[in-house]
Amino acid sequence: MTETQEPTRRDQILATAAELFAARGFHGVSVADLGAACGISGPALYKHFPSKQAMLAEMLVSISEELLAVGRARVAEAAGPADAVRALVDWHVEFALGHRPLIIVQDRDWESLPEQAREQVRRLQRQYVDLLAAQLLAQRPDLPRAAAHAAAQAAFGLLNSTPRAGHAISDDALRTLLADMAVAALGSVT
């Protein structure tokens, strides 16, 4: 699903599954639990997904595809590398605040992902990190490539702390705090 599309029934099922997997873990949720939470029988889920693992795979592959597609669009719209870095950081914060359960699921249930989907997610995530690293290198051509990639990975790690951060502050305050911290950290890379 892109930024502006209406959610489909599959999207709704995936969102419900993400909430349940985040709360109880992939192995702690049965097909019957998923069906009940979606208002259908567990076996009716098989009309939408061939298995619970396929559901997890689509969930994590699709978020990686969305992060990369929107990230590329934001870079293309940016006035220059500094603007692109800020646009990528802002996009990631926006995503993280709106998809906390997906971040928890990817972090905790990674090993439950089928190998083919795991490789696809890794490839998409490398491309996403490369997108930010390229903007850092465009700002600072003297920056070692390895440092740019490490900085991009670390910044996304900071932003992915969203599900575990900010319980005492509003999402607006957390959005500003995390974005400012990431931009400042990326600006200090040597």
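Predicted model: local features only at pLDDT ≥ 70, side-chain atom pairs only at ≥ 80, totals over all residues.
Residues are numbered from 1 along each chain as its sequence is written, and side-chain values use heavy atoms, with hydrogens and water left out.

The largest cavity has a volume of about 40 Å³. Volume means the space filled by probe spheres set on the points, which are joined across faces, edges and corners. Its lining consists of Val31, Leu34, Leu45, Tyr46, Phe49, Ser51, Lys52 and Met55; lining residues have an atom within 4 Å of a point. By class, six are nonpolar, one is polar and one is charged. Ala, Val, Leu, Ile, Met, Phe, Trp, Tyr, Cys and Pro count as nonpolar, Asp, Glu, Lys and Arg as charged, and the others, Gly among them, as polar. Helices α2 (31-38) and α3 (52-77) each supply at least two lining residues. Helices are DSSP runs (H or I, at least four residues), numbered from the N terminus.

Now the packing. The axes of α1 (residues 9-24) and α2 come within 10 Å and cross at roughly 125°. Axes are lines fitted to C-alpha atoms over the stretch in contact, and angles run from 0 to 180 degrees between N-to-C directions. That makes α1 oblique to α2. Angles under 35 degrees count as roughly parallel, over 145 as roughly antiparallel, 65 to 115 as roughly perpendicular and the rest as oblique. The contact (heavy atoms within 4.5 Å) includes Ile13, Leu20 and Phe21 of α1, and Leu34 and Ala37 of α2. Its residues divide into seven nonpolar, one polar and three charged.

Next, α3 packs on α6 (residues 115-139) at an angle of about 20°, with the axes 9 Å apart. The two helices are therefore roughly parallel to each other. Among the residues that meet are Leu60, Leu67 and Val75 in α3, and Val121, Leu124 and Tyr128 in α6. This contact has 11 nonpolar, six polar and two charged residues.

Finally, the axes of α6 and α7 (residues 145-159) come within 8 Å and cross at roughly 125°. That makes α6 oblique to α7. Tyr128, Leu132 and Leu136 of α6 take part, among others, with Ala148, Ala152 and Phe156 among those of α7.

Terms used
1 Å grid on protein atoms, 1.4 Å probe; cavity = no way out; pocket = protein on both sides within 12 Å on 5 of 7 lines; lining within 4 Å.
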